[in-house]
Every structure is written in C-alpha cells, then in structure tokens.
Amino acid sequence: MTGAVLRPRRSALYVPGSNAKALAKIREVDADVVIIDLEDAVAPEAKVTARAAAVTVAQDGLDGRELVVRINSLDTPWGGDDLAALRGAPIDAILVPKVSSGDDVARHVATSAGTVPLWAMIETARSMLRLEEIASAPGLGALVMGTNDLAKEMTATPDTARSQFSGFLAMSVAAARAFGLAVLDGVYNRLDDEAGFAAECAHGRAFGFDGKTLIHPKQVAVCHAAFSPNEAELAAAERIIAAFAMPENADKGAIRLDGQMVERLHRQTALRILATAKEMGLR
Ligand code: COA
Ligand code: MG
C-alpha cells in the first residue's frame, strides 16, 4: 500500500475562533475535522479572546471528531502565546500557517514541545519549491493547501478548473504520500455556488486528496459525498479482489476484467478503497 492515511478526513471545517455563534454550532456539524482558526479569519484586536475560546472548546471536547487549532505563525506577535496556551490542551493537531521550509516546521515543533502533531499550510510560493523538505520534516501529520494565499503570492487568478495550480496540487499530494501524511485541499470561496463547489470537490478527490477544507457548515454533506467511495467504486473494488482470488488467476499479474486490463497494483488500490470505506462506516 502507498503512504495513504486511512483515518477519514473528508471534511475539515474552519471556524473563526472569534465567532462565538459559529463556535457554538460546531457540535451540531458533522465534519470529520474542525479547525478553529486564530490566524487570518481573526482580526488583531480579537486574537486574545479567540485563543481563549479555542482552549475552552478543547477542554470541553468534541466527541470523536478531530480538533485542530490553526495558530498564528511564530513570525507574528501572537504565535508564541498561541503555542504556549495550547501546550497540554486536548487537541489532535496544531495547524501552522505559511510554512516555507523544513526549518519553519522544526521551529514550531521545538516551541510546541512536540506534544501534538503539526499540520502545515502549503500556501507560500517558497513552500512550492521546498515540498520534499517540508513533508519530510519530523513531527508533521498533514499538509493543508492554502489556495487563497497561494493565488495572492503568485498574483494568479485561478480559473474554475484551477489549471494554474494543477502542478502544485499534484506535487503536494505526491509529497504527502511519499512521507505518509494526510493531505487536504483548499477552500471554495463562493458560498452560494453549489454546483461549482461539487465540481471542485470532485477535482480534489481526483488528485488524490483525502478531503477538503471548508468554510461553511452547508458544504459538509456535498464534500462527504465527493470524498467517500460510491457504490459503483466499492462494487468494482470487490470484483477486482474476487477476480484475483480465483484459482485460474493465482499466477497472473495482469487479467482482463469488464473489458479492461487489471493488474495486481489495482488489487492494492481496491483493498485501500475498501479499508477506507470501512473506516467511514460504509462497509
Ligand atoms: N463554522 C460554524 N458555523 C458557521 C460557520 C463556520 N465556518 N460559518 C457560518 N456558520 C454559522 C453561522 O454562525 C450561522 O449560525 P446561526 O444560524 O446560529 O446564526 C449559520 O452558520 C449561517 O451562517 P451564514 O449567515 O450563512 O454565514 P455568514 O454570512 O454569517 O458568514 C462567513 C459567512 C464566510 C463569514 C463564515 O461562514 C465564516 O467565517 N467562515 C469561515 C471563515 C474562515 O475560517 N476562514 C479562514 C480559513 S479560509
Ligand atoms: Mg492562508
């Protein structure tokens, strides 16, 4: 099996730590991961109250779902205090923004005392040139695409197919897989464009992302549908496994199935799809 991570992370909903109403809602939202944001969604004057709110949510717990806090970078006036406040808090990961090098990861790991895994935002132009160094840094659990910041830094205006980012999306997934990390796609800003959102979820799944970061609870259901194996995929996976289990195929590396060549590597993919489905409670 490749370095794919099995724990379902189809959806990761950002919630601004400064938005008490939104924070009060997260227990009703069915996202696999909740990311409380202390960074770009929080104004400077609200940084201290947002930090305290994140610690309170962590102490209250989130029944089974992963809780991640996106801190301010150590290069800002707030990052050190964010890490200090979260030391020992019952959270699943700390998401570090604007990571540009392996040294950036190491600095945050050292300051956080290595108590929880770090996740790295991949959103600076420099990070694109140093993906291997970042993804292989000790202490990291996931890469998270920050496509809004990336567009800003590149001065790009992405089209609906995000063709300007194709290489970066593919390289980020490859970097994650090479080092056994989870990898999440960037957010979709157009809150009322449901068809566009569904298409972008499908686009991300086709690249191999485990899931997508979200900005609104209403995006969760469509996202889960896109990042879960559907009935046809599950049935196809079961057919491949059954075909290679037949005695006449025992010594074959490649067979014909439903008009297609199928190799033993496809059996491994089929096993991964079924294992993922089991983790999602689908099989
Ligand atoms: N998490 C939890 N609840 C949320 C939410 C979120 N990300 N976004 C909205 N809600 C809640 C609202 O609080 C509101 O609750 P209510 O019915 O109790 O009042 C309800 O969902 C409907 O919200 P709506 O009016 O549709 O959204 P809005 O116009 O108030 O806010 C945004 C729109 C984009 C400002 C808001 O969704 C948001 O802040 N998203 C996250 C932004 C973020 O974290 N960005 C950083 C990473 S890119
Ligand atoms: Mg960003």
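Is I122 buried or exposed? I122 counts as buried, at 0% relative accessibility, where buried means under 20% relative accessible area, exposed over 50% and partly exposed in between (1.4 Å probe, protein chains only). The residue is found in strand β5. Helices (H or I, at least four residues) and strands (E, at least two) are DSSP runs, numbered from the N terminus. I122 and L13 are 109 residues apart along the chain, and their C-alpha atoms are separated by 17 Å.

The model is predicted: local features need pLDDT of at least 70, side-chain atom pairs count only at pLDDT 80 or more, and totals for chains, interfaces and linings use all residues. Residues are numbered from 1 along each chain as its sequence is written, chains are lettered from A and ligands numbered from 1 in the order in which they are written, and side-chain values use heavy atoms, with hydrogens and water left out.

**Magnesium site**

Ligand 2 is a magnesium ion, and its protein donors are E123 (OE) and D149 (OD), at 1.9 to 2.1 Å. E123 sits in the loop between β5 (118-122) and α5 (125-129), while D149 belongs to helix α7 (residues 147-154); the pair, 26 residues apart, links distant parts of the chain. Donors are N, O and S atoms within 2.8 Å of the metal (3.2 Å for Na, K and Ca); water is not among the atoms, so the site may look incomplete. Both E123 and D149 are buried.

**Ligand 1**

There are 14 residues around ligand 1, and Y14, K21, K25, I215 and H216 come nearest. A residue counts as near if one of its heavy atoms lies within 4 Å of the molecule.

| Residue | Protein atom | Ligand 1 atom | Distance |
|---|---|---|---|
| K21 | polar side-chain atom | oxygen | 3.1 Å |
| K25 | N or O atom in the side chain | oxygen | 3.4 Å |
| I215 | polar backbone atom | nitrogen | 2.8 Å |

Taken alone, ligand 1 exposes 900 Å², of which the protein buries 61%. These areas come from the Shrake-Rupley method with a 1.4 Å probe; for residues, only the protein chains shown count as cover. The most comes from β1, with four residues. By class, the shell has nine nonpolar, one polar and four charged residues. Here Ala, Val, Leu, Ile, Met, Phe, Trp, Tyr, Cys and Pro count as nonpolar, Asp, Glu, Lys and Arg as charged, and the others, Gly among them, as polar.

**Loop residues**

N72 is found in the loop between β3 (66-70) and α3 (79-86). At 2% relative accessibility, N72 is buried. Its side chain reaches the backbone oxygen of L38 at 3.1 Å, and a polar contact of 2.8 Å joins the side chains of N72 and D82.

Which backbone angle of T155 has a positive value? Phi of T155 is near 55°, and T155 is a residue other than glycine. T155 is found in the loop between α7 and α8 (166-178) and is exposed, with a relative accessible area of 70%. D258, also not a glycine, has a positive phi of about 50°. The place of D258 is the loop between β9 (254-257) and β10 (260-263), and D258 is exposed at a relative accessible area of 55%.

L191 lies in the loop between β7 (182-185) and α9 (194-207). At 37% relative accessibility, L191 counts as partly exposed. L191 and L140 are 51 residues apart in sequence, and 31 Å apart in space from C-alpha to C-alpha.

**Domains**

How is the protein divided? The division gives domain 1 (11-227) and domain 2 (231-279), with bounds that come from an automatic or database domain assignment. The C-alpha centres of the two domains lie 34 Å apart. R239 is placed in helix α11 (residues 231-245) and is partly exposed, with a relative accessible area of 41%.

Technical notes:
A polar contact is a pair of N or O atoms within 3.5 Å; within protein, one must be able to donate a hydrogen and the other to accept it, and residues adjacent in sequence count only if both atoms are side-chain atoms.
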